[in-house]
Each structure stands twice: as C-alpha cells, then as structure tokens.
Amino acid sequence: MLRLTTIITLLLFVTSCATTSPQLNSGTPINIYGVSSLSPQNGSWSVITSTGYQVALGIKLKDSSSGVINMSLYQLPEFPSDQEFLSHVVKHRASSPDIGRFELKENREELVRLNGATCVKHRSISQDNNAKIDSNKSAVMQIEYLGYNCIHPFKKSVGVHTEYSLRHFKNNEHPELTKNAEEFFNNIKFKEL
C-alpha cells in the first residue's frame, strides 16, 4: 500500500503551521546524498524535513487540499535482475500496516528508467477516512501518489524513493497533478555517493 514515512510526513505537515517552515523559491536546488532535484515551479512549497538521507516538502492548497514531495534513501539488497527488483518493490509497498484509516482504491506499478536509473514507477489512489482539516475536524479525502523507487545508478545497494502526493476532496479534481509531478521527477539527477 503506502510507505509509512510518506503517511507520517503528510500527517506532520497537515497538522503543522506552514508559516513556520522555510519557503522555497521555484527552482531552488534540493539535495540528499547522491541525489538532487529542483523545487517545484508551481506554488509556495515549504521544507518539512531536510537531512542527508531525506527531504520532504509540503504545500497547502485551497479547500483543505495539501501536497507533499518526499525524496529519501534506503538500503537495498543487490538484485540479479530488474524483474526481481520489481517484485521486491511491489512486495514492500504492499506491506504497510493496515491501521484502518487508509483504503487503497487504485494501484499501478511498472518497471521504467528515470534519468539513468532502473526504477519502479507507481501511481496509487487511497481514501483517507480520517483526514484532519481546518480546526482539526475529520473528513474523508482522497490521496493521489505518483512516485519512483529506484536503484541508485552509482551504488546498487542504495534505493532512492521519491514521491509526489496530493490530498484533496474527491470532487475537487487536480488535472495538473501528473504534469507537476513529472516536471519534478524529470529534474532528478543521480550523483556519485
């Protein structure tokens, strides 16, 4: 299902005040060890967390919608084939704990290349049955996730997870989501570790 770190990051951002987080200008470089990208061109994104191993950005939108971008490193075994890597990612994405709050509605995963790296691209839609919105009220919202799990091209034992998510009410469509996410992913550069 969903990566637990992404859920926690989203929850932390949604419950925090965006004005206390540093705002990024469009196109600001963001870096973790061996990976860099540029902050999105759309909207005023804030830094949620930034370490050598993870960076998370967030944005609050109209109608209680919010977005999160997460880029992080994790340890990987080395795989004899790309198909085994795909199976590994599919298995681990499905192993998130079922806490009763999130209901998976749609999930697609495929093996692709991203800027020189072997990756598993995913697109998922989940229903958040207990989303906290203004004044800490609960609501049912939809979360769309677009992302990649990649084998770092310079060190096969390092995985790179990057994900762009948007939480919104089901009837509030965001047709720009895919375009904005792909612009961010296309700016990712892998560097020697």
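The structure is a predicted model. In it, strands S1, S2 and S10 form an open antiparallel sheet, while strand S5 pairs with strand S9 in the antiparallel sense and is also joined to strand S4. Threonine 162, a residue of strand S9, is buried.

**The open sheet of three strands**

- The strand order in this sheet is S1-S2-S10, and the pairing is antiparallel.
- Strand S1 (29–32) and strand S10 (189–190) each have a single partner strand and stand at the edges, so one side of each is left without a neighbour in the sheet.
- Strand S2 covers residues 35–38 and is joined to S1 by four bridges, the two strands running antiparallel.
- Within this pairing, isoleucine 32 has valine 35 in S2 as its bridge partner.

**Strand S5 and its partners**

- Strand S5 spans residues 66–75, and nine of its ten residues are buried, so the strand is largely enclosed by the rest of the structure.
- Strand S4 (residues 54–60) runs antiparallel to S5, with seven bridges between them.
- Valine 55 has methionine 71 in S5 as its bridge partner.
- S4 and S5 form a hairpin with five residues between the strands, where aspartate 63 adopts a positive phi near 55 degrees.
- Ten bridges link S5 to strand S9 (residues 158–168), again in the antiparallel sense.
- In this second pairing, leucine 73 is placed opposite valine 160 of S9.

**Threonine 162**

- Threonine 162 belongs to strand S9.
- The relative accessible area of threonine 162 is 2%, and the cut-off for burial is under 20%, so the residue counts as buried.
- A polar atom of the threonine 162 side chain lies 3.4 Å from the backbone oxygen of asparagine 70.
- Leaving aside residues up to four places away in sequence, threonine 162 touches Asn70, Met71, Leu146, Gly147, Tyr148, Phe184, Phe185 and Ile188.
- Among these contacts, Met71 is also the bridge partner of valine 55.

**The second largest pocket**

- The second largest pocket holds about 150 Å³ of space.
- Its lining consists of Pro77, Glu78, Phe79, Ser81, Asp82, Arg113, Gly116, Ala117, Thr118, Ile151, Pro153 and Lys156.
- By residue class, the lining of this pocket comprises five nonpolar, three polar and four charged residues.

Key
Residues are numbered from 1 along each chain as its sequence is written. This is a predicted model: local features need pLDDT of at least 70, side-chain atom pairs count only at pLDDT 80 or more; totals for chains, interfaces and linings use all residues. Side-chain values use heavy atoms; hydrogens and water are left out. Two strands pair if DSSP finds at least two bridges between them. Buried means under 20% relative accessible area, exposed over 50%, partly exposed in between (1.4 Å probe, protein chains only). A polar contact is a pair of N or O atoms within 3.5 Å; within protein, one must be able to donate a hydrogen and the other to accept it, and residues adjacent in sequence count only if both atoms are side-chain atoms. Contact means heavy atoms within 4.5 Å. On a 1 Å grid over the protein atoms alone, a cavity is a set of points where a 1.4 Å probe fits but cannot get out, and a pocket is an open set with protein on both sides within 12 Å along at least five of seven lines; lining residues have an atom within 4 Å of a point. Grid points are joined across faces, edges and corners, and a volume is the space filled by probe spheres set on the points. Ala, Val, Leu, Ile, Met, Phe, Trp, Tyr, Cys and Pro count as nonpolar, Asp, Glu, Lys and Arg as charged, and the others, Gly among them, as polar.
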